[in-house]
Amino acid sequence: MPEMTAESSTHTLLSRPQLEPARVSVVIVVWNAKKYVLECLGSLREHCRKVCAQVVIVDNASTDETPELVAEMFPEFKLIRNAENFGFAKANNIGIAESSGDYICLVNSDVKFLDDCISTMVRYLSDHSDVGMLGPKMLAASGEVRRSTMRFPTVWNTFCRAVGLDSLFKKSPAFGGLLMSDFDHRTTAPVEVLNGWFLVVRRSSVERVGLLDPQFFMYGEDVDWCYR
């Protein structure tokens, strides 16, 4: 499982004062891989403690003592232990049902925080009422930018991906394909799909379109959710 890191966008956001801070609930689905889980939770505690009113850990029946270590090392976080592996979408829905924040932050358990990027995203959402969901720039452990956005699948962009046109013409929106090889992740821009490893969504948006579809055990649920 590759280690991913998240950092704030490169642009400057002008924050406006709020009478009451927005409540942020973080939901993290866990299934084994305790090394990454502990790094994720430790970096979340270090960098985002002030903005996170609630952290919900949903364990999908791990067998490597991950839930026991989470309970011991992070007692301030709410831990839910599923009796079996319900899959990514259903486990996130269980966590969302236990959350209470105005904003819900879904984070993969192999993400490592480099700074308080959650506050940056919440400020952006607060200043842009027409945006329902936002994601940060994602980095590999080497520092390289990793893809975190997609386009909705069409015949054309799937063809571009299949024959490698998106690799030959990486900077071309016309040939960028399903995986958006033309997007450099250096700006804040509208995208069709945010991949599910890290995003912040308004609770009001979730209430409007519904939860993740549990028929997706893993992969594809983010495309469906963003489409709705």
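## Strand β5 and its burial

Strand β5 (residues 103-108) is largely enclosed by the rest of the structure, because six of its six residues are buried; buried denotes under 20% relative accessible area, exposed over 50%, and partly exposed in between, with a 1.4 Å probe and protein chains only. Helices (H or I, at least four residues) and strands (E, at least two) are DSSP runs numbered from the N terminus. The model is a predicted one, in which local features need pLDDT of at least 70 and side-chain atom pairs count only at pLDDT 80 or more, while totals for chains, interfaces and linings use all residues. Residues are numbered from 1 along each chain as its sequence is written, and side-chain values use heavy atoms, with hydrogens and water left out.

In a regular strand the side chains alternate between the two faces of the sheet. In β5, Tyr103, Cys105 and Val107 point one way, whereas Ile104, Leu106 and Asn108 point the other way, and all are buried.

## Sheet architecture

Strands are taken to pair if DSSP finds at least two bridges between them. Six strands form an open sheet of mixed pairing, in the order β4-β3-β2-β5-β12-β7.

Strand β5 pairs with β2 (residues 24-30) in the parallel sense over six bridges, and with β12 (residues 198-202) in the antiparallel sense over five bridges. Leu106 of β5 stands opposite Val27 and also opposite Leu199 in β12. Strand β3 (residues 52-59) runs parallel to β4, joined by four bridges; Asp59 has Arg81 in β4 as its bridge partner.

## Helices on the sheet

Helix α1 (residues 34-48) lies across β2, β3 and β5, running at about 170 degrees to β2. Helix α2 (residues 66-73) packs on the sheet and touches β2, β3 and β4, its direction making about 160 degrees with that of β4. Contact here means heavy atoms within 4.5 Å. Axes are lines fitted to C-alpha atoms, for helices over the stretch in contact, and angles run from 0 to 180 degrees between N-to-C directions.

## Helix α4 and the cysteines

Helix α4 (residues 117-127) is mostly covered, with nine of its eleven residues buried. Among them are Cys117, Met121, Val122 and Leu125.

The structure holds zero disulfides, a disulfide being a pair of cysteine sulfur atoms within 2.5 Å. The cysteine sulfur closest to that of Cys117 belongs to Cys48, at 5.4 Å, which is too far for a bond. Cys117 counts as buried because its relative accessibility is 0%; Cys160 is likewise buried, with a relative accessible area of 0%.

## Aromatic pairs and charges over rings

Rings of Phe, Tyr and Trp (its six-membered ring) pair if their centres lie within 6.5 Å; planes under 30 degrees apart count as stacked, over 60 as edge-to-face and the rest as tilted. By this rule the count comes to four aromatic pairs. One of them is the stacked pair of Phe74 and Phe77, at 5.6 Å centre to centre with 5 degrees between the planes. Both Phe74 and Phe77 are buried. Phe152 and Tyr227 form an edge-to-face pair, at 5.4 Å centre to centre with 85 degrees between the planes. This pair links distant parts of the chain, 75 residues apart: Phe152 lies in the loop between β10 (149-150) and α5 (155-163), and Tyr227 in helix α8 (residues 221-227). Phe152 is partly exposed at 22% relative accessibility, whereas Tyr227 is exposed at 63%.

A charge sits over a ring if NZ of Lys or CZ of Arg is within 6 Å of the ring centre and within 35 degrees of the ring normal. The charged end of Lys35 sits over the ring of Tyr36, 4.9 Å from its centre, and Lys90 lies over the face of Phe86, at 4.3 Å from the ring centre.
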